[in-house]
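Subject: Structure for your review

Dear colleague,

Please find below the structure that I would like to hand over to you. My notes on what was found in it follow directly after.

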Amino acid sequence: MRWQGQRQSDNIDDRREAGPAGGAGPGLRLGGGRGLGLGTIVVALLASWLLGINPMTVLGVLGGGAELPAAAPATGNVGRPKAGDTEAAFVAAVLGSTEDVWGGLFKSAGSIYEPPTLVLFRGSTPTACGRGEAAMGPFYCPGDRQVYIDLAFYDTLRSRLGAPGDFAQAYVIAHEVGHHVQNLMGVTDKVDAMRRRKSPAQANAMSVRVELQADCLAGLWARQSQQAQRWLDQGDIEEALNAASRIGDDALQQQAQGRVVPETFTHGSSRQRVSWFRKGLEGAQLRDCDTFAAREL
């Protein structure tokens, strides 16, 4: 992936120098009088490694509702990465490409794209969705419209999840930006409202459609960015497809607990994640990623 020399986004808030932000903060209180077992919690944390939503949301769905910790306000001014920081430059280049792609697509639809800020942190950091922890993996918070990532996650992606490569890392960012696009389009609020009226199994099924749509949007970004920048090398797309295949609910459940429970899926199977990323790669517009209209995923 030839990302060097590409435009870098200015919408980066580098909080890594501050280190872990405060203490652990108040914990989750699970509603409905139902406790979560260790296996469920492990699955929820692994779900954060699925390149998807904040695992606090997953715990809320699996536990029948949850009260999130109160959000601490962000402190200080937006931090700029230091010159010569290769990891931060890579993230800024990928984020800049997402801005260009989604800015153009929104403009063609008669709208204005409002890009998210991407927060680099180490350990933990305050967010509008509660305290963000490195163990959650990358996540998007709709409350402050920011993407959060501890770059140590890329080591996990490579060594623990078996998905190496710079384009696999780009896919992480593109998926989270996909959640931001959903938020701007009103998908997030509509689904959250519907999910609260559903049974746990039905709510999980809706979460799967949300996540698969974000995968498809990441594929759509990959297609559009390659057409504009010609920055992908042979094998880059395969890196992203490999990442998608390794972070399906079935694969991670098998790894975490030795069995697969489809009714608890929140992100989709490996096959589904690969399939919808491919749909984005082969698509040309937003309606090609309408997972909610699909009869079969």
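Are α7 and α10 parallel, perpendicular or oblique to each other? Please keep in mind throughout that this is a predicted model. Helix α7 covers residues 200-229 and helix α10 covers residues 270-282; they pack at an angle of about 40°, and their axes lie 6 Å apart. An angle counts as roughly parallel under 35 degrees and as roughly perpendicular from 65 to 115. α7 and α10 are therefore oblique to each other. Their crossing is right-handed.

On the α7 side, the residues that meet α10 include Val 208, Leu 212, Cys 216, Leu 220 and Arg 223. Among their partners in α10 are Gln 272, Trp 276, Phe 277, Gly 280 and Leu 281. Sorted by class, the residues of this contact comprise 9 nonpolar, 3 polar and 5 charged.

The helix α7 itself

The 30 residues of α7, at 1.5 Å a residue, should span 44 Å, and the C-alpha atoms at its ends are 43 Å apart, which agrees. Is α7 mostly covered or mostly uncovered? It is mostly covered, as 22 of its 30 residues are buried.

The contact with α3

Helix α3 consists of residues 86-108, and its axis comes within 9 Å of that of α7, the two crossing at roughly 95°. α3 and α7 are therefore roughly perpendicular to each other. Which classes of residue does the contact of α3 with α7 have? There are 7 nonpolar and 5 polar residues, with no charged ones.

An α-helix has 3.6 residues a turn, so residues three or four places apart point the same way.

The contact with α6

Helix α6, residues 187-195, has an axis that comes within 9 Å of that of α7, with a crossing of roughly 165°. That makes α6 roughly antiparallel to α7. The crossing of these two helices is left-handed.

Two arginines with positive phi

Directly after α7 comes Arg 230, in the loop between α7 and α8. Arg 230 is not a glycine, yet its phi is positive, at about 50°. With a relative accessible area of 54%, Arg 230 is exposed. Arg 145 likewise has a positive phi, near 55°, and is a residue other than glycine. Arg 145 sits in the loop between β7 (139-141) and β8 (146-149). At 35% relative accessibility, it counts as partly exposed.

The chain as a whole

The chain contains 10 helices and 8 strands. Of its 297 residues, 52% count as buried. Among contacts in the chain with a separation of 6 or more, 78% are between residues 24 or more positions apart.

Yours sincerely,
A colleague

Note on methods: Residues are numbered from 1 along each chain as its sequence is written. This is a predicted model: local features need pLDDT of at least 70, side-chain atom pairs count only at pLDDT 80 or more; totals for chains, interfaces and linings use all residues. Side-chain values use heavy atoms; hydrogens and water are left out. Axes are lines fitted to C-alpha atoms, for helices over the stretch in contact, and angles run from 0 to 180 degrees between N-to-C directions. Helices (H or I, at least four residues) and strands (E, at least two) are DSSP runs, numbered from the N terminus. Angles under 35 degrees count as roughly parallel, over 145 as roughly antiparallel, 65 to 115 as roughly perpendicular and the rest as oblique. A crossing is left-handed if the near helix is turned anticlockwise from the far one by less than a right angle, and right-handed if clockwise. Contact means heavy atoms within 4.5 Å. Ala, Val, Leu, Ile, Met, Phe, Trp, Tyr, Cys and Pro count as nonpolar, Asp, Glu, Lys and Arg as charged, and the others, Gly among them, as polar. The expected span of a helix is 1.5 Å times one less than its number of residues. Buried means under 20% relative accessible area, exposed over 50%, partly exposed in between (1.4 Å probe, protein chains only).
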